[in-house]
Amino acid sequence: MMIGRVVGSVVSTTKAEKLNGKKMLVVQPLDMVTIEPDGKPLVSIDTVGSGTGEVVMVVGGSSARQTAITKDTPVDSAIVGVIDHVEIDGKRTFESGGSE
Amino acid sequence: MMIGRVVGSVVSTTKAEKLNGKKMLVVQPLDMVTIEPDGKPLVSIDTVGSGTGEVVMVVGGSSARQTAITKDTPVDSAIVGVIDHVEIDGKRTFESGGSE
Amino acid sequence: MMIGRVVGSVVSTTKAEKLNGKKMLVVQPLDMVTIEPDGKPLVSIDTVGSGTGEVVMVVGGSSARQTAITKDTPVDSAIVGVIDHVEIDGKRTFESGGSE
Amino acid sequence: MMIGRVVGSVVSTTKAEKLNGKKMLVVQPLDMVTIEPDGKPLVSIDTVGSGTGEVVMVVGGSSARQTAITKDTPVDSAIVGVIDHVEIDGKRTFESGGSE
Amino acid sequence: MMIGRVVGSVVSTTKAEKLNGKKMLVVQPLDMVTIEPDGKPLVSIDTVGSGTGEVVMVVGGSSARQTAITKDTPVDSAIVGVIDHVEIDGKRTFESGGSE
C-alpha cells in the first residue's frame, strides 16, 4: 500500500451503475519520509469516511475490491485507512494533528 | 483510477470472440491539475457511452472486468465514468462544458 | 490494452504443462500516434492467429487468461486482436495494408 | 517478489474492518546485489512475525492475499518471508546476522 | 511475460507455510534483442526445474499462481519455461547452448 493526502474529488453523473453513491476522491501520493508529494495524483474510492487534507492509506488493484463498499465494483484504488502516524527509523515522520 | 480524454478509436475484425461489439477507444491520460496530456495513450473499452473529446474515468486491471459489458472479457482497461468536474485544493481544475 | 507489432517468437521445450501448444510471440509495443516502437518487447500468447509484422492489441494481467486458449494458464499477456486501423484526432495513424 | 528492509510502521485507528489487528510495516526495497535502498518505501502487512531492521521478502498484488492473515483483506503487499541469505553469481550478497 | 537469466537464489527459514519446499530463484530480466541485463532482478518461484545460468520465461501477477506448484501460494512471479531460443526479425538473438 502507499500513503497519500486527500486533495480533491471527482464528480461523474454518467458512470457505471455500481459506482453510484461512491465517494471518488483525488489522492496525492506522499513520500513516507518527507511527507512531500511524490508521484501522480489518482482517483480512489473512500471506504473509511476520509476527508480533504487527511493522510490516508491507499490499496490498489483487485485488493481495492475487498471492502463492503467496493465489492464487485469497477475500481482499482480504495482508501482503506486514515493514518494516525508513520514511524521510520525510530522517528515519527508524520503525526495526525487531531489524533494525539 | 486515472482520468483521460477520449482521442480516438481502434478497429479490429480478427479479435477474441468476447470483444465482439465492444467499443475500443483510445484514451490519453491527463494530469489532474493541469488537465494536460500526461503518459501514454491506451486502448480502453467504453462502458458508459462516452465519445471523442470527453474526459473520462478509466479503471485498469482485473477491475476493468467488473461491469456488465466487460464481465469475463479479455480487457485490462475500461471507461467507467464521464467526468463532470474535478476539484483539487478547492479549485475546479476541470469542468465539463455541457454539464453545468 | 496497448498495441504492438509482432516481431518474433520464443521456443521453450521445458515449460509449464498448460503452455503446451501455445504460440509464444514477441511483441514490440508501439506509440499509437507515430506507430514507432515505444517500450520493451514482451512475450505474449497468440489467441487470434496473428503473425509476424502484424499490429495487434495486447491485454495484460489476469485478463490475459480470459480467452478459451489462455484460461487457467500461467500467462500474463495475450494477443486478443489484429488491428485494422487506429484513428486519433480524426486521422488514421495506422491502417493495415491488407484490410482495406 | 522483491526484497526489502523493514524500516518502520504505520498506525491507523480509522481503517477497513478487515485490517484490525494487522501489523502494517514500512518496507524499503533493496537492490539484491548491493543490498542498498532502491525504490520507494511501501506499506506491507507482516505475516511472518518480522521486525524492524530485518530483510524480508515481499509479495504484491492479489497474491498478497494468499496467506491466512491476509485472506479476503484489502491489502496489496505482504511480507511472506524473513531472508536468511541471498546468493548471486555464487557470492552471498546478504547474510542475516542472526541466522548463521 | 518477460525473459531473464537465473543468477542466484534466496533462502528463508521463517516464511509463509505455503512457501515450504518452493525454490526461490533470483532472475535478472534480459533485453530480448541484446540478451543483456535490463531492469531489476527479482525473486521468482521455479516451476520447471530451471537452474543457474539458464534463460527462462517469467510470468507475473496472479498468473504466477496458475501452476500446480504455485496454486494458492503467495507468490507474484514464477518461472514457467526454459528458453530454447528467441527469434526477432528473422534472427536468433538467443540460442541455448545445450538445446541444439
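1. The partners are A:Lys40 and B:Asp38, with 3.5 Å between the closest N and O atoms.

2. Before going on, some housekeeping. This is a predicted model, where local features need pLDDT of at least 70 and side-chain atom pairs count only at pLDDT 80 or more, while totals for chains, interfaces and linings use all residues. Residues are numbered from 1 along each chain as its sequence is written, chains are lettered from A and ligands numbered from 1 in the order in which they are written, and side-chain values use heavy atoms, with hydrogens and water left out.

3. How many residues of chain A are in contact with chain B? Chain A brings 29 residues and chain B brings 24, where contact means heavy atoms within 4.5 Å. The size of an interface is often given as the accessible area lost when the parts come together. Here chain A and chain B bury about 2000 Å² between them, with 55% of that from carbon and sulfur atoms; buried area is the accessible area (1.4 Å probe) that two parts lose on being put together, summed over both. On the chain A side, the residues losing the most area to chain B are A:Val11, A:Pro74 and A:Asp76, which together make up 25% of what that side buries.

4. Now for the polar side of the A and B contact. There are 16 residue pairs in polar contact between chain A and chain B (both at pLDDT 80 or more). A polar contact is a pair of N or O atoms within 3.5 Å; within protein, one must be able to donate a hydrogen and the other to accept it, and residues adjacent in sequence count only if both atoms are side-chain atoms. Three strands of chain A, β1 (2–11), β2 (24–29) and β3 (42–46), each give at least two residues to the side that touches chain B. Helices (H or I, at least four residues) and strands (E, at least two) are DSSP runs, numbered from the N terminus. β1(A) makes the largest share of that side, with 5 residues. Sorted by class, the side of chain A touching chain B holds 13 nonpolar, 10 polar and 6 charged residues. For those classes, Ala, Val, Leu, Ile, Met, Phe, Trp, Tyr, Cys and Pro count as nonpolar, Asp, Glu, Lys and Arg as charged, and the others, Gly among them, as polar.

5. β1(A) and strand β6 (residues 85–88) of chain B pair in the antiparallel sense over 4 bridges; two strands pair if DSSP finds at least two bridges between them. Opposite A:Val10 you will find B:Val86 in β6(B).

6. On to the symmetry. Two copies of a chain are related by a rotation about an axis and a shift along it. Chain A superposes on chain B with a rotation of 72°, 0.0 Å of shift along the axis and an RMSD of 0.0 Å, the copies being superposed by least squares on the C-alpha atoms of residues with pLDDT of at least 70 in both. Within chain A, A:Ser62 has the C-alpha nearest the axis, 5.2 Å from it. The copies use different surfaces, with 3% of the contact residues of chain A recurring in chain B.

7. Next, the pair C and E. The contact takes 29 residues from chain C and 24 residues from chain E. About 2000 Å² is buried between chain C and chain E, 55% of it on carbon and sulfur atoms. C:Lys40 forms a salt bridge with E:Asp38, the closest N and O atoms being 3.5 Å apart.

8. Strands meet here too: 4 bridges join β1(C) to strand β7 (residues 85–88) of chain E, and the two run antiparallel. The bridge partner of C:Val10 in β7(E) is E:Val86.

9. Chain C and chain D have no contact, their closest C-alpha atoms lying 10 Å apart. No contact joins chain B and chain E, whose closest C-alpha atoms are 10 Å apart.

Conventions. A salt bridge is a side-chain nitrogen of Lys or Arg within 4 Å of a carboxyl oxygen of Asp or Glu.
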